Amino acid sequence: MNNNNINVMITQINQALEQLHNPKSTSDMRQTAQEFLEEVKQRAEAYSYAIQILSTTQNDITKHYGLHIIEILVKNRWYNASDNERELVKKEILDLVARVPGTEQKFIREKLVTILVEIIKRDWPQRWINLLGSLVDIAKISDTQAELVLLTFGQLPHDIIFENTSSSNLLSEQRRKDLMAGINVAVSSLFEFFYSMLETRYAQYKQVVSTDPTNAKNANTSNIHLINVLLNSLRSYIDWVPVKLIFNHKLDLIFCQLLLDIPFRMGACECLMLFLNRKVKTPEENKSDLISTPFKSMENIIKSILISKDFEDDYSYHKRLTQTLTILGTLHLSIYDGKGILPNNYNQYLDLMLQMISHPSILLCSLAMPFWLAFLKQENYDIPFKDEIMKKILEISLLKMVRTGDPEKEENPQSKYSELDFGTSKEWSNFYGSIRNRYIEFIKIIAAHKHEMSFFFIALKIIEMLESLKNNANPLTHEQTLITESHAYSLDCILQAIKESNAQFFDSKNTISTATSATTPFNALITTTTEKLFSLLIEITHQDPNVTSFQIDCISALSCYYQYHPETIQFVLNKIIPLVHFKPTPLAGVDPNSRHYQTSILQAHRRAITSLINLSSSLNDVIKPYFGTIYQSMGQLFQQNLLNESEKVMIYHLLAVFSNNLSSYQQIVDFLKEILAIHITQWTGAEITSALQSPDSFLSYLGLLQPDNQDPLFINRRKNLSLMVSTFQTFWKKTQIPINSSDEGFSPFIANGTSYNGKWPISNFVKEILPNIVSLTRTLHSLWDPKVKQTIHPSYHAIYQLDDAITAPLLGYDYHKENKSEAGYITFLRNLLDTLRDSCYDIIGYGFTHGDELFGIPSLPNILYDSVFSYLEFCENRHLKIIIKLVLQPLIKLCPNKLQSQIFDPLFPPFLSTLYNRLKSGWGIIATRSQRHDSFGAENEKNEIIEDKILRDLTFEYLNWITLFVHQPYIISSGDNIIPPTMYGLSCCLLSIDHPILKKTIHLTIQFIDALGNDQKFYKLLGSDVFGCCLEVLKENKISDLNNDLMTLMKSIYIKFYQLCNLPQNILLTLPNITPSILEKFNRDLADSKAEKNQKLLFRRLLNDVIGINLNKTKKESILDLPEKLYIQKVANSSWLESNEKSSLADLFN
């Protein structure tokens, strides 16, 4: 092409670019310009335009377009270009790099570096021998050229050494080997270049600092920038080059020295961190050599912390330094055998790490935690001052367990750091919870190894606190309350850890050889200290309910002490039982009617009941003589009506624990009958039975057909119904078969081909309780029928809305009950319906764990069909999630093999069909919405966020459930009606483009392929439909991280089926860029490639151009357009349905 034609084309390109970027251009004008520019890029002679553009133009946009043409040539057509064309491009790029002015735009410079690296990957070293010498010469031209060369050297290893980058996966194995050989040969010269530039530039920097310290930053801008670019480039080499290169140039020492220079400390710290955490370990490396210099330079490291620039910059450096020091310490622990000499300055290092773990920033603390966990778990790490360090860690952990530092609600040193690290209180709170658990782990580890030290530490702290409270009648502040809670919880953690490793810790007969003095044995000190602690806990009577809660928690934590001192249990019960209905005298300055005060009292009540439950469970032999006293005391509280409904249910839990400790089957049955008699009589009575039979009677019974009906009659009915169902749920879940009972009533038996340990006493009440549970479940489901909703009075319609307690966390807000604006009775009714539903599911699902309690009922499929599986089309996604979790998971885990066909076949396919519809519709709406650029208001967006998160939760629960299918031989071998809807549901999950969901779905789908792949009847389902869905996801996916996972799944399907049938080949042939000849060659290469790595590479090359293909270019519909009738028709003809006179399960789903 002659120059005139090239110039004409460049003029047209300039005009098109002007039209594209002109704000006055119309959409049609921009589209026309865009299409022209894209077409030009694909022309064979496009590189000629690019060379001319880069040689003549000064316009940044045009220049960037010319570089983009070159980039496309290099990436897509480099090997098809002639030698002259390639040499011309290489020469022009190097010339461009050599003459780039310092004022050139950053995006132009970055594009130049990218193109240069892409050419290097294709031609160096064989066809570009003098490259490195040319680049070193270019670097000498000016600071700008030096920067570009450093950036090039820094980017190169990412695409050669490390295989996780997208471009490195496109290189052939042989090409990668050639590049690695070349860079390994060149790396010594590269490091000479790096060191020489670092030495020169740092000397210039120090000279400026020494001669003009006040203006050092401005005068040193170029040196500072280049040294930082150099350090950044070094990061690409530090963790894989031969370590002798680093030692020969003393780079480890240089990094430590640069920590003292504020401009370089972050870059030097990151290089040091990579050096200590090297990925590639050569045989000559010695870990002790890696840690030697940093430990010797500990004084410099400490000084660098004291040098201050500004708050945020200092804090960022401190976080990175903490990471580096953590790696240093854990690396040392991995090589230290407990006998050698400790590194230089190890004491200073540990002191510094203690400061890190006690820092006001919880994020910075978290970065030091891996070292301390490793340190505490190192059993052979015996150093003289280890006990002292453990005491300090206990002290720090106790302080850190106090929840403080909320970025939105507090102003203190902790919150100042939290504001930088967390966007909201919710984010901070979630992170704090995880960090608090790590401090608790510290406490437990120390307690497990140092029993006495840990016990005395926390016991003396609490004694000191109790003595202070004994003489102070003032109410606790919020911070003091948090401190008491942390102390009580720490006591419980320490004693639990001691109990697990030394159950006889409080046994006075247990002799311990260590002594604190010549006269007092250690066990005597333990006894004396515990008695003093126990006495204070029992004696103190404080009118602040928070103090009372603190006492209860500490008393409960001492259960392992009561085991060896049973005489104390009477004092414990005398203290705890009255606190179940604790009524304090309000203290001065306290509003007795405030929500906070009343809540504190309720918490004290519940802590007292919980304490009785825990003590009865863990010390049944010690508590058993007092069961009668406790039972009588609880009975009096019931008779005097001094308990609310929640407290009654908690006491029923306590009574269930009592029943579990009775040895005779008949004793337990009689005891349960006595407790449950009043509720069963009501439950099976005509009033309740009638109320639960239909939605109309149920709504009438609760008073929901009249406006704002607050009649005490209806209020009592609502509370009573909740209490009855919660009571049944509690006994269903908490009663057990007594262990080691000789009673014949508990003897093992076999039913439906399954062996059971014994008959559950609660099973005696199934026939009385279950019928109305079934009716209630069906009625609750029907309440969401739009026709039924219309019968409810409009003043109650708000009960169908999600409660703020559910929506606030979904939206990332903290939920505060006091901020609710709706009427209390609306909240109560909404929660009542949710609680009743959950309890019914729980009772049915937990019944599957009770031996043959439910499986022994011949009509169980009908019962489930009429309750849990009724009105599924009206159930919300959140309801379906609970059904899966509470009913279907235990059902599939525990169903006897003999009954699986008659239970699974009629029930699973329609439920899977419902889930398929919900998942397909829900994720389809999200995909459509993601293409929308308009907005329908903040309130609508909130609703969308809530719905999306509920859908996501449902999807995860669905995946958890069908994970169990793979391990069920019946479903895999005989589930012809179950597998198709299951795989279609998985296809919907693939289309979610949600990373965690997609990862889990891909893993699960591969499991199904392995389990089903040899069954010919599933060839089309897996080899065509699922494979086609994967291809569709790959085309639509914009997240590069997911491509490898998707291709792994497609590879698994293709390799499984391509030699068995043509189905996956036919799917690939729908793509415009894949022809039969290409596919035939691909199949041959695949057959020859046995290594999984090579197979992945083949797939990536074949499908690389698929990503981003417009759906309109495909020749076939998406598999998710296929109707459900593919599998619903089979379900409709099942024999179970015919025998039960049901027309079709598909009718359930309309």
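User: Which helix is Ser633 found in?
Analyst: Ser633 is found in helix α31, which covers residues 627-639. Helices here are DSSP runs of H or I with at least four residues, strands are runs of E with at least two, and both are numbered from the N terminus. This is a predicted model, in which local features need pLDDT of at least 70 and side-chain atom pairs count only at pLDDT 80 or more, while totals for chains, interfaces and linings use all residues. Residues are numbered from 1 along each chain as its sequence is written, and side-chain values use heavy atoms, with hydrogens and water left out.

User: Is Ser633 buried or exposed?
Analyst: Ser633 counts as buried because its relative accessibility is 19%, where buried means under 20% relative accessible area, exposed means over 50%, and partly exposed lies in between, using a 1.4 Å probe and protein chains only.

User: And what separates the C-alpha atoms of Ser633 and Glu45?
Analyst: Those two C-alpha atoms are separated by 96 Å, and the residues are 588 apart along the chain. Glu45 itself lies in the loop between α2 (27-41) and α3 (46-56), and counts as partly exposed because its relative accessibility is 26%.

User: Changing topic, what does UniProt place at residues 33-118?
Analyst: The unreviewed UniProt entry places the feature "domain: Importin N-terminal" there; such positions are given in the numbering used here, feature names are shortened, and annotations may be inferred rather than shown by experiment. In the model, this span is 79% helix and 0% strand, and its end C-alpha atoms lie 28 Å apart.

User: How many helices and strands does the chain have?
Analyst: The chain has 54 helices and 2 strands. Its C-alpha atoms fill a box of roughly 105 × 85 × 55 Å, taken along the principal axes, and 53% of its 1150 residues count as buried.

User: What does the model say about confidence across the chain?
Analyst: The average pLDDT, which is the predictor's confidence in each residue from 0 to 100, is 87 for the chain, and 90% of the residues score at least 70. Over residues 512-520, however, pLDDT stays under 50, and the model has 9 contacts for them beyond four places in sequence, a contact meaning heavy atoms within 4.5 Å. Over residues 1108-1150 the pLDDT is also below 50, and that stretch has 79 contacts in the model beyond near neighbours in sequence.

User: Which residues does Thr144 touch?
Analyst: Leaving out residues up to four places away in sequence, Thr144 touches Val100, Pro101, Gly102 and Arg109. Thr144 has its place in helix α8, residues 143-160, and is buried because its relative accessible area is 12%.

User: Where is there a cis peptide bond?
Analyst: A cis peptide bond joins Trp124 and Pro125, with omega at about 5 degrees, and Pro125 has its place in the loop between α6 (106-123) and α7 (131-139). Most peptide bonds are trans, and most residues other than glycine have a negative phi.

User: What is phi of Lys250, then?
Analyst: Phi of Lys250 is near 50 degrees, a positive value in a residue other than glycine. Lys250 is found in the loop between α12 (243-248) and α13 (251-258), and counts as exposed because its relative accessibility is 53%. Asn641 also has a positive phi, near 55 degrees; Asn641 lies in the loop between α31 and α32 (645-660), and is exposed because its relative accessible area is 55%.
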